[in-house]
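I opened the model today and kept notes as I went.

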Amino acid sequence: MKILSGMSLKEIEELVLSLNASKFRAKQIHNWIYLKSVSNIDEMTDLSKQFREDFKQVAQVTDTKIKVKQVSSDGTIKYLIEYPDGECVETVLMRFDNRANLTACVSSQIGCAVNCSFCATGKRGFIRNLSYKEIIEQVLTIQRDTGLKITNVVFMGQGEPLLNLDNVLKALDIFNNDFQIGARRITISTSGIIPQIKKLAEQELQSTLAISLHASNHAVRKEIMPIENKYPINDLINALKYYVEKTGRRITVEYILIKGLNCTLESAKELAHLLQGLKCNINLIPYNPVVKTGYQKPSNNEIMKFKYLLEHSGKKVTVRLERGSDIDAACGQLSGKAGGKANE
Ligand code: SAH
Ligand code: SF4
């Protein structure tokens, strides 16, 4: 049985031709999959009944299912998707009242090997990579279930996208060409895998690169992100400068605020200094509770002071709105457990 999700127009054409149907059918089917996002072939109403019957003998829309769906009081929806091998991963739909954007937060791996101290995904360890089809299937699941069309994609779910780069790049290409989501509406977030950042720079992508920096010096970063031992912060900043030089694109620097650890006034000054020559915006993420970390988020007052100090450096600084924390859908809370709580 052929699975239509993830197939290119050309692959669908070959399938249609093998059934002795006109090539034109492929474009219709392609639209039903990526733009109208139907769940089964019977819903493809501009295909003749006879053709649909023949088609159903050889193809189906998807082989994944929604295992759990949770809706947050703020409208965020978290899906736990089950793949045919029984492995599950989350994907999250985020919407903001004042914006028309519908953003899908997708996972690139099941679990993650990077093991940052503040993240629920890292605590689970690495299970396996997702194929590009499994990645795009997450967006299709949201579109099918809600009947809405996703406008933005962020690779901020489970996993380290740059440790599964080939599949992420292929998924990016499909989001671009098949879903018609502009490259500039796609963000890849990484913990800082330097060789892969350079590789990505050479692709001259128009997508946004977000870097999980989270510290203003080597000692603090090492304490919370083991990857700092392999790819130290100063080399990382140089790699990011190279990325900006190659692509012309502004980087997003993500910075978690953990009480008593990385958000003192000295940290703000040190961070401003570190980022001086880098074309970037800064996105502050107040820490979201995760089991057994012992960390806490700072007070609103501390957050605003930190922001104010950074803004003095001339950078644009935003504080990330917390989404879906009541259903453990916020940053760092995805652990792959059905209904399991990340903060209990
Ligand atoms: N692995 C990639 C992408 C997924 S995580 C990366 O680390 O960049 C998406 C963002 O959520 C990252 O910036 C990550 O550091 C952050 N995050 C992880 N755990 C968090 C937590 N408990 N609270 C707030 N942000 C968290
Ligand atoms: Fe992996 Fe990102 Fe979580 Fe770190 S923050 S463990 S890189 S998913």
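What follows are my entries, from the whole chain down to single residues.

**Ground rules.** I am reading a predicted model, where local features need pLDDT of at least 70, side-chain atom pairs count only at pLDDT 80 or more, and totals for chains, interfaces and linings use all residues. Residues are numbered from 1 along each chain as its sequence is written, chains are lettered from A and ligands numbered from 1 in the order in which they are written, and side-chain values use heavy atoms, with hydrogens and water left out.

**Confidence.** I checked pLDDT first, which is the predictor's confidence in each residue, from 0 to 100. The protein has a mean pLDDT of 93, and 97% of its residues reach 70 or more. I noted one stretch to treat with care: residues 340–344 have pLDDT below 50. In the model this stretch has 15 contacts beyond near neighbours in sequence. A contact here means heavy atoms within 4.5 Å. Where pLDDT is low, the predicted coordinates should not be read in detail.

**Overall fold.** I looked up the secondary structure and found 12 helices and 14 strands. These are DSSP runs numbered from the N terminus: helices are H or I with at least four residues, strands are E with at least two. The radius of gyration of the protein is 21 Å, close to the 20 Å from the globule rule for 344 residues, so the protein is as compact as a globular protein of that length. That radius is taken over C-alpha atoms, and the rule is 2.2 Å times the number of residues to the power 0.38. The C-alpha trace spans about 70 × 45 × 35 Å along its principal axes.

**Contacts and surface.** I took the contacts between residues at least 6 apart in sequence; 66% of them join residues at least 24 apart. Of the 344 residues, 54% count as buried. My cut-offs for relative accessible area: buried is under 20%, exposed is over 50%, and partly exposed is in between (1.4 Å probe, protein chains only). The protein exposes about 15000 Å², and carbon and sulfur atoms supply 49% of that. The areas come from the Shrake-Rupley method with a 1.4 Å probe; for residues, only the protein chains shown count as cover.

**Ligand 2.** Which residues surround ligand 2? I listed Cys-112, Val-114, Asn-115, Cys-116, Phe-118, Cys-119, Gly-122, Gly-159 and Ser-191. Near means that one heavy atom of the residue lies within 4 Å. The shell divides into five nonpolar, four polar and no charged residues.

**His-214.** I found His-214 in the loop between β11 and α8 (218–224). His-214 is buried, at 3% relative accessibility. Leaving aside neighbours within four places in sequence, His-214 touches Phe-118, Ile-224, Met-225, Glu-254, Tyr-255, Ile-256 and Asn-262. Phe-118 is also one of the residues around ligand 2.

**Ser-5.** Is Ser-5 buried or exposed? Ser-5 is buried, with a relative accessible area of 2%. It sits in the loop between β1 (2–3) and α1 (9–18). Beyond four places in sequence, its contacts include Ile-33, Tyr-34, Lys-133 and Arg-144.

**Positive phi.** Most residues other than glycine have a negative phi. I noted Glu-204, with phi near 50°, in the loop between α7 (194–202) and β11 (208–212). Glu-204 is partly exposed at 46%. Asp-328 also has a positive phi, about 55°, and lies in the segment after β14 (317–319). Asp-328 is buried, at 1% relative accessibility.

**Two distances.** Ala-100 lies in the loop between β5 (88–95) and β6 (102–105) and is exposed at 74%. Ala-100 and Thr-151 are 51 residues apart in sequence and 8.7 Å apart, C-alpha to C-alpha. Asp-54 is in helix α3 (residues 49–58) and is partly exposed at 34%.

Terms used. Nonpolar A, V, L, I, M, F, W, Y, C, P; charged D, E, K, R; others polar.
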